[in-house]
Amino acid sequence: MPCCRTVLTASLSVLILVPSALGRSATAGAAAGPRTVSSEVRAACDAAYAVAAKTPGVAVQRRTGTFRDETLRQPVFGCGLAISGSFARAEATGDAAVRLRHDFQARGWQEMAAYSADGTDGTSFAFRKARVACLVRGTWDGGAADDPKIPAMDWYRVTVFCTSPEFPENRSL
């Protein structure tokens, strides 16, 4: 019996190795039946959707369900968005991740610094307000900074999920 099972979560573009026994219990819990999100979580997701949908050059898919992320100890139930876009088409207004960050700040949400990271190939940040938390993760191909022959690509993907109760202020790696 292998020690681990590989789980690929396409909506988050994250590869997570989960011990086999844990993978079965997490899957069993997710299949417990239909669940609905609270009105607060739905409102947070509605606001994020409105911001993302107004970003030039994007396609947005929304779903309710269980979400997994490498920064969280356990899967969470909530509402999520899968956004794909073009940097070139959003150049004048900013890409979806930039616009989402500004919107959360403008609406008085508190940033959860432990979830923030930025680099040439992506970004990650989380905000919370009342008992709702939203995690945003953007990924793209930033090219090679030390080799101009390998330019950055035009595409990007952003995933968002909002849940309640909010996940811990500190990452639990």
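Author: Let us begin with a definition: buried means under 20% relative accessible area, exposed over 50%, and partly exposed in between, with a 1.4 Å probe and protein chains only. The model is predicted, so local features need pLDDT of at least 70 and side-chain atom pairs count only at pLDDT 80 or more, while totals for chains, interfaces and linings use all residues. Residues are numbered from 1 along each chain as its sequence is written, and side-chain values use heavy atoms, with hydrogens and water left out.

Reader: Which residues of helix 3 are buried?

Author: In helix 3, residues 96-106, the buried ones are Ala96, Ala97, Leu100, Arg101, Asp103 and Phe104. Helices (H or I, at least four residues) and strands (E, at least two) are DSSP runs, numbered from the N terminus.

Reader: What makes the buried residues of helix 3 line one face?

Author: Seen down the axis, they fall within an arc of 165°, and therefore they line one face of helix 3. The arc is that of the directions from the helix axis to the C-beta atoms.

Reader: Why is Phe125 called buried?

Author: Its relative accessible area is 1%, and the limit is under 20%; therefore Phe125 is buried.

Reader: Why is the pair of Phe67 and Phe161 called stacked?

Author: Rings of Phe, Tyr and Trp (its six-membered ring) pair if their centres lie within 6.5 Å; planes under 30 degrees apart count as stacked, over 60 as edge-to-face and the rest as tilted. The structure holds six aromatic pairs. In the pair of Phe67 and Phe161 the centres are 5.5 Å apart and the planes lie at 10°, so the pair is stacked. Phe67 lies in strand 3 (residues 58-67) and Phe161 in strand 9 (residues 155-163), so the pair ties together parts that are 94 residues apart in sequence.

Reader: What is the arrangement of Phe125 and Phe127?

Author: Phe125 and Phe127 form an edge-to-face pair, with 5.9 Å centre to centre and 85° between the planes.

Reader: How do you know that Cys45 and Cys79 form a disulfide?

Author: A disulfide is a pair of cysteine sulfur atoms within 2.5 Å, and the sulfur atoms of Cys45 and Cys79 are 2.1 Å apart. Cys45 lies in helix 2 (residues 39-53) and Cys79 in strand 4 (residues 76-86), so this pair ties together parts that are 34 residues apart in sequence.
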